Amino acid sequence: MTARIVITRRLPRAAMTLLGDAGRVWISPHDRPLTAGELREAVAGAEAIVTLLHDRVDAALLEAAGPQLRCVANVAVGYDNVDADAARERGVIVTNTPGVLTDATADLAIALLLAVTRRIGEGERLLRAGTPWSWDLSFMLGMGLAGKTLGVVGLGAIGQATARRARAFGMQIRYSGRRQAAPSVEAELGGARRLELDELLETADVVTLHCPLTAETHHLLDHRRLRRMRASAYLINTARGPIVDEAALVQALGAGEIAGAGLDVFEREPEVDRGLLELENVVLVPHLGSATTETRTAMAELAVRNALAVLAGEPPLTPVT
Ligand code: DGY
């Protein structure tokens with residue numbers, strides 16, 4: 001039996017409930033990403049596919065699905081795993097899940113910012129290792145945030161939410177990006193100013209990445225750009241790993257060209273560069289930006305609603321542009 005809706009990995013119960021009597025639904029029985037071969041086999045004949053960010057949806061996969069495919073509903077705001085141009089050429093609608101994960105991701109960006117500037121990971125490792133220590137005035141000093149500058153690369157919804165939180169810690173906001181933010185947004189962020197990326201990197205105490213991964217942003221932070229950052233500055237990445245040249249980052253961190261990094265995403269997930277694992281001045285978490293029960297449920301529900309809307313001939317709630 002050909003499935004009408006293919007779901008490449010188990011979704012939260014609330015999202016599954018929405019499928020109700022949607023018709024033939026195939027859900028991957030595996031608690032892991034499908035291999036490329038399994039994915040090709042699963043999507044054959046589908047009208048809608050609900051995908052996760054680890055599923056590569058390229059022209060070949062769209063071809064394998066067949067001409068009846070109408071929707072790829074990605075359970076993520078980022079959709080760099082989907083060839084949106086190839087989908088458009090075939091008349092396939094691609095949707096993502098913006099909005100519902102903004103707060104959770106901004107919370108995690110701030111968690112990483114605090115963790116790396118206050119050496120939380122390092123301190124915890126020290127205690128767990130049973131290393132002798134005593135309180136003294138120079139023990140494990142970090143960087144205070146009040147009066148420091150947060151450089152936001154990409155002042156979209158998540159960038160703004162992160163900046164708003166950083167304001168509560170007394171940080172000044174600077175940003176870079178393709179568009180100037182509305183005056184009301186700049187004012188709400190305490191007079192945030194837009195700078196060219198190089199100037200932002202040269203002046204920020206903490207740089208936080210919130211741009212999408214595209215051909216233009218791949219390795220946006222390469223060796224040359226990392227060297228523009230201050231030796232006392234920190235990098236936070238909750239966007240996508242390949243925006244940073246990971247080998248160059250390991251080198252910059254190891255050589256003291258920047259002070260530290262808080263990373264939620266990696267260039268070749270789920271692999272994490274050995275060099276990063278060996279450094280003390282990085283905090284690493286496994287792509288947890290949206291990982292709250294509420295957020296992941298809302299993301300899955302939104303993706304399912306998008307797929308159902310397209311199948312019903314209605315406009316999707318959140319198509320990608
Ligand atoms: C997204 O939605 O793009 C996030 O990376 C998921 O956590």
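Visitor: How far is an oxygen atom of the ligand from an N or O atom in the side chain of Ser290?

Guide: A polar contact is a pair of N or O atoms within 3.5 Å; within protein, one must be able to donate a hydrogen and the other to accept it, and residues adjacent in sequence count only if both atoms are side-chain atoms. Here the Ser290 side chain has such an atom 2.7 Å from a ligand oxygen. The side chain of Arg240 also places an N or O atom 2.7 Å from an oxygen of the ligand. For Val77, a backbone N or O atom lies 2.7 Å from a ligand oxygen.

Visitor: What should I keep in mind about this model?

Guide: The model is predicted, so local features need pLDDT of at least 70 and side-chain atom pairs pLDDT 80 or more, while totals for chains, interfaces and linings use all residues. Residues are numbered from 1 along each chain as its sequence is written, and side-chain values use heavy atoms, leaving out hydrogens and water.

Visitor: Which residues surround the ligand?

Guide: A residue is near a molecule if one of its heavy atoms lies within 4 Å of it. The ligand is surrounded by Leu53, Ala76, Val77, Gly78, Leu101, Arg240, His287, Ser290 and Met299.

Visitor: How do I read the size of the protein chain?

Guide: The radius of gyration is taken over C-alpha atoms, and the globule rule is 2.2 Å times the number of residues to the power 0.38. With 321 residues, a compact globule would have a radius near 20 Å, and the protein chain agrees with its 21 Å. Along the principal axes, its C-alpha atoms fill a box of roughly 70 × 50 × 35 Å.
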